Amino acid sequence: MLKTRAATRDGKPATGGLSCYITPTGIEAMRRELNALLRDERPKIVEIVSWAAGNGDRSENGDYQYGKRRLREIDRRIRFLTKRIDNAIIVDPAAQPQRDRVFFGATVTYVSERDEERTVTILGVDEADMAAGQVSLVSPVARALMRAGVGDEVKLVTPRGEEMIEVLAIAYPPLR
């Protein structure tokens, strides 16, 4: 499995646990968002704030106050994205050699005790979207499914209680 460990700004290896894992697609989405903030959105807001500051009394200037608040939000998001990208451990699910077990990047179909069939893809914390059937690597369902094979029954511990689920199918993206 391809793993890339990013180094921090001082050149030392980044540390982190499961929350640092991300797919190549996920890291690219984060880089695109960071670039959009740095190249597009932040310069526009800086221009608005500069224009509003030139209009006089800043304490009663809504454009100035909103712009400064928006700049703080953008800068906070830039710091967050920069830190997450620096600490990311990029794992390509297509390179997974052991495709008969559930690991990061797997798409798993399972059935619950109530005969509810679900399909989820196990992704990184920053790219998971439950509405799209993508769960975080640190979620209860992903933790329960890890290393399971087709036909295995595993115990899923949720806030509602314990439940047994059975793995029906495991799939990974095709090799490139």
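**View 1. Strand 4 and its two neighbours.** Let us start with strand 4, which is joined to strand 8 (residues 161-171) by 6 bridges, the two running antiparallel. Here strands (E, at least two residues) and helices (H or I, at least four) are DSSP runs numbered from the N terminus, and two strands pair if DSSP finds at least two bridges between them. Valine 111 stands opposite glutamate 166 of strand 8. Strand 4 is also joined to strand 5 (residues 117-123), by 5 bridges and again antiparallel. Look for threonine 107, whose bridge partner in strand 5 is threonine 121. Strand 4 is largely enclosed by the rest of the structure, because 5 of its 6 residues are buried; buried means under 20% relative accessible area, exposed over 50%, and partly exposed in between (1.4 Å probe, protein chains only).

**View 2. The turn between strand 4 and strand 5.** These two strands form a hairpin with 4 residues between them. In the turn you will find aspartate 115, with a positive phi of about 60 degrees.

**View 3. An aromatic pair.** Rings of Phe, Tyr and Trp (its six-membered ring) pair if their centres lie within 6.5 Å; planes under 30 degrees apart count as stacked, over 60 as edge-to-face and the rest as tilted. By this rule the count comes to 1 aromatic pair. Its members are tyrosine 21 and phenylalanine 104, in a tilted arrangement with 5.9 Å from centre to centre and 40 degrees between the planes. The pair links distant parts of the chain, 83 residues apart: tyrosine 21 lies in strand 2 (residues 21-22), and phenylalanine 104 in the loop between strand 3 (89-91) and strand 4 (107-112). Phenylalanine 104 is buried, with a relative accessible area of 6%.

**View 4. The whole chain and its confidence.** This is a predicted model, in which local features need pLDDT of at least 70 and side-chain atom pairs count only at pLDDT 80 or more, while totals for chains, interfaces and linings use all residues. Residues are numbered from 1 along each chain as its sequence is written, and side-chain values use heavy atoms, leaving out hydrogens and water. The mean pLDDT (the predictor's confidence in each residue, from 0 to 100) is 88, and 90% of the residues reach 70 or more. Over residues 1-15, though, the pLDDT is below 50, and this stretch has 37 contacts (heavy atoms within 4.5 Å) beyond near neighbours in sequence. Where pLDDT is low, the predicted coordinates should not be read in detail. The chain has 3 helices and 8 strands, and buried residues make up 38% of its 176 residues.
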